[in-house]
Each structure stands twice: as structure tokens, then as C-alpha cells.
Amino acid sequence: MRSLNYHRIKHGYALRYNFVSPIAIALIIVWAILTFGELSAEFKVDGFVRDTLPVLSILAPFFVASLAAISTFHGPADFDEPFKMAEPVTLLVVGRGGGWDLINVTQRHFLSLLFGYCATLAIFLLFFVMLSPTMSTPWFDLSNASWWYAQAAVMGVFVFFLTQLVLSMMLGIYYLADRIHRG
């Protein structure tokens with residue numbers, strides 16, 4: 001689960017990119033689903049959740065390939081040096097003796113963590129999507145209202161992680177397409 005270390009990166013933008021924006025967008029999407037759709041139908045074979053299967057099937061290997069490319073990418077001269085920003089980009093790691101240390105993150109390390117996290121998230125979402133039709137009918141003897149709340153919560157978590165995946169992917173694409181060439 002080392003790929004989850006991406007969330008240990010410390011920078012002023014990290015909270016906004018990783019949590020605030022995905023939560024805001026996910027709330028809007030879930031509100032639209034709850035308002036204009038039938039929630040249990042969204043988990044069925046022809047529903048919203050299952051419709052993400054082809055995209056996730058492409059994205060998971062794409063992120064693994066991106067991770068391999070970043071690991072072997074030559075890049076500019078400062079690619080393996082820490083970020084040159086007003087606020088340093090740091091990573092909380094287990095240091096010698098078991099204590100926590102903050103290390104300065106290089107651009108390669110950042111992109112490796114980012115695409116590693118995206119690959120892991122895409123694979124987990126892919127497995128969830130394959131199992132999603134089981135959410136269309138109650139597992140236990142629950143009232144319709146209780147099952148609706150359970151489905152809404154699961155939909156909220158799914159859409160949050162899907163939104164987080166898309167925004168993280170866009171951050172990585174921006175970084176590789178533009179930011180890395182500006183130093």
C-alpha cells in the first residue's frame with residue numbers, strides 16, 4: 001500500500017487538490033444523481049457506476065505504464081532535485097529508528113507517487129465497479145429507507161474517489177505537459 005504515501009505529501013495545495021475539490025465536485029454529482037435518477041438503478045448493469053467500467057479498464061494500465069515511464073524518464077536537469085518553490089514539497093516517511101522524518105520531494109518522486117496512487121485507485125475502483133450490481137438489491141432485511149441511505153453513502157464514496165482519480169490524473173497531465181518544462 002506504499003502508493004497511498006501520495007497522501008503524505010505536504011504542501012499548501014495538497015489539501016485542496018486531494019480532498020476539498022474532489023469532495024465539492026462529488027457532492028454536486030451525487031446531488032444530481034439523487035435528484036434526477038433512481039439510485040438503485042445506478043448500481044445495476046446498465047447504470048452510472050457500471051458505465052465507468054470501460055474507462056477504468058483503460059486508465060488502470062495507463063497509470064501503470066505512466067509510472068514505468070516516469071521511473072525511466074530522463075527529463076530536464078533538475079528532474080531529480082527537490083522542487084524549487086517558495087513552500088517546499090515534503091513527504092512524511094518513516095526514518096531511521098522508527099521515527100517520522102520529512103524529506104524534500106523531487107519531481108520524479110512526486111510524479112511516481114501521483115501515478116502510483118492513481119494506478120492503485122483505478123484498480124480498486126475497477127473491482128468495485130465489477131461488484132456494483134450487488135448494491136442494487138438489499139443484502140440484509142433492511143427497510144427501503146435504510147437501504148437507500150446505504151446506497152447513497154456508497155455512491156458518495158465511489159464518486160469522491162472517481163473525482164479524486166480524475167483530478168489527480170489532470171494534475172499529472174498538467175505537470176508532465178507544461179510545468180516540468182518550465183523548471
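The model is a predicted one, in which local features require pLDDT of at least 70 and side-chain atom pairs pLDDT 80 or more, whereas totals for chains, interfaces and linings draw on all residues. Residue numbers start from 1 along each chain as its sequence is written, and side-chain values rest on heavy atoms, with hydrogens and water left out.

The chain contains five helices and three strands, taken as DSSP runs numbered from the N terminus (helices H or I, at least four residues; strands E, at least two). Their order from the N terminus is β-α-α-α-β-β-α-α. The C-alpha trace spans about 60 × 35 × 30 Å along its principal axes. With contact taken as heavy atoms within 4.5 Å, 76% of the contacts between residues at least 6 apart in sequence join residues at least 24 apart.

Two packed helices are described by the angle between their axes and the distance between the axes. For α3 and α5, the axes come within 13 Å and cross at roughly 40°; such axes are lines fitted to C-alpha atoms, for helices over the stretch in contact, and the angles run from 0 to 180 degrees between N-to-C directions. The crossing of α3 and α5 is left-handed, a term that applies if the near helix is turned anticlockwise from the far one by less than a right angle, clockwise being right-handed. On the side of α3 the contact is made by L56, L59, F63 and I70, and on the side of α5 by L162, L165, M169 and L176. These residues of the α3–α5 contact divide into eight nonpolar, no polar and no charged, where Ala, Val, Leu, Ile, Met, Phe, Trp, Tyr, Cys and Pro count as nonpolar, Asp, Glu, Lys and Arg as charged, and the others, Gly among them, as polar.

In one of them, the ring centres of F83 and Y175 are 5.9 Å apart and the planes stand at 70°, so the pair is edge-to-face. F83 belongs to the loop between α3 (53–72) and β2 (90–94), and Y175 to helix α5 (residues 144–177), so this pair ties together parts that are 92 residues apart in sequence. F83 is buried at 16% relative accessibility, and Y175 is likewise buried, at 6%. Both residues take part in one aromatic cluster formed by Y6, F83, F110, Y117 and Y175.

Helix α5 also holds F160, which is buried with a relative accessible area of 14%. Leaving aside neighbours within four places in sequence, F160 is in contact with N18, F19, P22, I23 and A26. The C-alpha atoms of F160 and A24 are separated by 8.8 Å, although the two residues are 136 residues apart along the chain.

R16 is located in helix α1 (residues 14–36) and is partly exposed at 41% relative accessible area. R16 lies over the face of Y17, at 5.7 Å from the ring centre; the criterion is that NZ of Lys or CZ of Arg is within 6 Å of the ring centre and within 35 degrees of the ring normal. Beyond neighbours within four places in sequence, R16 is in contact with S21 and P22.

In the region of the strands, G95 occupies the loop between β2 and β3 and is buried at 18% relative accessibility. Apart from neighbours within four places in sequence, the contacts of G95 are with W100 and D101. N104 is placed in strand β3 (residues 100–104) and, at 47% relative accessibility, is partly exposed. Not counting residues up to four places away in sequence, N104 touches P82, P88, V89 and T90. N104 and L176 are 72 residues apart in sequence, with a C-alpha to C-alpha separation of 20 Å.

Note on methods
Phe/Tyr/Trp six-rings, centres within 6.5 Å; stacked < 30°, edge-to-face > 60°. Buried < 20%, exposed > 50% of the residue type's maximum accessible area, 1.4 Å probe, protein only.
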